[in-house]
Each structure stands twice: as structure tokens, then as C-alpha cells.
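I opened this notebook to record what I looked up in one structure. The entries follow in the order in which I made them.

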Amino acid sequence: MLRQFFARLLILPICLMVYCSSNLQANAATIDPYIVRYLHITEPITLDVDEQGNQRLFSPQELSLGKKLFESNCINCHVGGATLPDPQVSLSLEKLQAASPRRDLLDNLVAFMRQPMTYDGTQETYWCRQLSPSSVSQQQVESLAAFVLTAAQKAPGWGTDSF
């Protein structure tokens with residue numbers, strides 16, 4: 001009887017391990033491999049939203065969605081964070097910080113994606129595709145901006161001349 005008790009007691013942890021590992025695999029399947037391999041993100045990260053110091057958490061899944069949106073909306077002109085129509089203005093962290101207004105903050109980058117402006121912020125530009133609210137939701141454009149900012153911070157060679 002004692003043997004049966006211990007046998008049953010061992011079965012519970014084994015069942016829990018199998019259940020948890022299947023959940024982890026299912027969760028990992030929704031994370032783009034680039035997010036894990038090059039950005040080294042497996043847990044939610046915090047990004048600066050505005051100049052007041054507000055921040056927001058982004059999950060690896062949200063960054064994966066952002067990467068997917070980048071691939072479908074931006075990659076034709078911004079391969080690896082470069083800017084093909086204007087190579088002097090890449091998506092590197094330094095260039096995003098130096099733009100007017102600063103584009104290294106989530107809200108400012110989202111505003112730029114909604115209404116693209118020249119690098120100095122003085123007039124509208126048609127070099128960059130406008131992401132209207134009717135085509136890309138607020139959550140989607142924030143995920144896209146979060147992916148760009150995270151890549152600018154962490155991806156080797158992002159926005160530089162050498163990859």
C-alpha cells in the first residue's frame with residue numbers, strides 16, 4: 001500500500017512536467033525565432049513611451065507581430081534597419097534619437113508611422129508609407145514600433161552599413 005502511495009505521488013510531478021513543457025512549446029511557437037536569437041528576448045520587455053518617463057511592457061509575441069508587420073510594410077525600404085531611399089537616415093538608435101521629434105520613444109515613432117515627416121520634422125514626407133488607422137490598428141502599430149525600437153537597441157548591425 002505504501003508502494004502504491006509513492007507511485008501515485010511520483011505520477012503527479014511527471015504529469016505536471018509534461019503539461020508545463022507542452023505549454024512552453026506552444027507559447028514558444030508563437031515567438032518568431034529572430035526575436036529570441038538576435039534580440040535575445042524570451043520574456044516581456046519594457047520600452048519608453050514618452051518623454052515623461054512612461055513605459056510599457058511588450059511580450060515576445062507582440063514583438064513577433066511587430067516583426068511580421070515590419071516584413072509586410074517596411075522591409076522593402078528598410079532592410080536590416082537601413083533606409084534605401086535615404087541611406088543617411090537609417091533606423092539605428094542614434095538616428096532615431098537625433099530625429100526631430102525624437103523617434104526613439106514609442107509614441108513619437110507611432111506618430112511618425114501614422115504621419116511620416118522629414119527627419120527634421122518640418123514637413124510631411126512621402127518616402128515612408130503612412131500606416132492609417134483603417135489599415136493597421138493601434139495595437140499593431142505599437143507592436144511594429146516596439147519591434148523597430150528593440151531591433152535598434154539589440155540587433156547586431158541594425159541600421160548600420162555593415163551586417
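**Entry 1**

I began with E142, which counts as buried because its relative accessible area is 16%; buried means under 20%, exposed over 50%, and partly exposed in between, with a 1.4 Å probe and protein chains only. I noted that the model is predicted, that local features need pLDDT of at least 70 and side-chain atom pairs pLDDT 80 or more, and that totals for chains, interfaces and linings use all residues. Residues are numbered from 1 along each chain as its sequence is written, and side-chain values use heavy atoms, with hydrogens and water left out.

I located E142 in helix α6; helices (H or I, at least four residues) and strands (E, at least two) are DSSP runs numbered from the N terminus. The side chain of E142 makes a polar contact of 2.6 Å with the side chain of R56. A polar contact is a pair of N or O atoms within 3.5 Å; within protein, one must be able to donate a hydrogen and the other to accept it, and residues adjacent in sequence count only if both atoms are side-chain atoms. Not counting residues up to four places away in sequence, E142 touches R56, F58, L106 and V110, where contact means heavy atoms within 4.5 Å.

I then followed R56, whose charged end sits over the ring of F58, 4.0 Å from its centre. The term requires NZ of Lys or CZ of Arg within 6 Å of the ring centre and within 35 degrees of the ring normal.

**Entry 2: S64**

I found S64 in helix α3. With 8% relative accessibility, S64 counts as buried. A polar atom of the S64 side chain lies 2.7 Å from the backbone nitrogen of D32. Leaving aside neighbours within four places in sequence, S64 is in contact with T30, I31, D32 and I35.

**Entry 3: Aromatic rings**

How many aromatic pairs does the structure hold? I recorded 5; rings of Phe, Tyr and Trp (its six-membered ring) pair if their centres lie within 6.5 Å, and planes under 30 degrees apart count as stacked, over 60 as edge-to-face and the rest as tilted. One of them is the tilted pair of F70 and W158, at 5.6 Å centre to centre and 50 degrees between the planes. This pair links distant parts of the chain, since F70 is in helix α3 (residues 60-73) and W158 in the segment after α6, 88 residues apart. Both F70 and W158 are buried. I also noted that ring pairs link Y34, Y38, F70, F147 and W158 into a cluster.
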